[in-house]
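Visitor: Please take me through one part of this structure in close detail. I would like to look at the salt bridges.

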Amino acid sequence: EPPADFICPITTELMSDPVMAADGHSYERSAIERWLATKSTSPMTGEALVHTFLAPNHMVRRQIREWEEANAC
């Protein structure tokens with residue numbers, strides 16, 4: 001099982017393109033983009049997001065790749 005931080009809270013699947021939203025949580029880019037197309041709230045807290053900018057989460061992406069290599073995924 002992958003670590004919980006590697007799982008998108010929207011798709012519940014291992015992220016391949018993790019981004020960080022204004023709520024400080026990481027999401028799969030395509031999933032949070034779909035979410036933000038109709039909502040301006042955090043999928044995790046339900047609170048309004050102060051902005052909809054999505055920052056690539058390079059550290060989590062690297063950790064996921066390292067985990068995949070170590071576990072031959």
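**Surface and salt bridges**

Guide: The accessible surface of the protein chain comes to about 4700 Å². Carbon and sulfur atoms hold 52% of that surface. Keep in mind that this is a predicted model.

First, the setting. The protein chain has two helices and three strands. From the N terminus, their order is β-β-α-β-α. Now the charges. There are 6 positive and 11 negative side chains. The centres of these two sets lie 6 Å apart. Side chains of opposite charge can pair when their charged atoms come close. Here the count comes to four salt bridges.

Start with Asp17. Asp17 forms a salt bridge with Arg29, with the closest N and O atoms 2.9 Å apart. This pair links distant parts of the chain: Asp17 sits in the segment before β1, and Arg29 in helix α1, twelve residues apart. Asp17 counts as partly exposed, because its relative accessibility is 22%. Arg29 also has 22% relative accessibility, so Arg29 counts as partly exposed.

Asp17 also meets Arg61 in a salt bridge, at 2.2 Å from N to O. Arg61 lies in helix α2, 44 residues from Asp17, so this pair too links distant parts of the chain.

Now go back to Arg29. Arg29 forms a salt bridge with Glu33, where the closest N and O atoms are 4.0 Å apart. Both residues are in helix α1, four residues apart, so about one helical turn separates them. Glu33 is partly exposed, at 41% relative accessible area.

Terms used:
Residues are numbered from 1 along each chain as its sequence is written. This is a predicted model: local features need pLDDT of at least 70, side-chain atom pairs count only at pLDDT 80 or more; totals for chains, interfaces and linings use all residues. Side-chain values use heavy atoms; hydrogens and water are left out. Accessible areas come from the Shrake-Rupley method with a 1.4 Å probe; for residues, only the protein chains shown count as cover. Lys and Arg count as positive and Asp and Glu as negative; His and the chain ends are not counted. The place of a charge is taken as NZ of Lys, CZ of Arg, CG of Asp or CD of Glu. A salt bridge is a side-chain nitrogen of Lys or Arg within 4 Å of a carboxyl oxygen of Asp or Glu. Buried means under 20% relative accessible area, exposed over 50%, partly exposed in between (1.4 Å probe, protein chains only).
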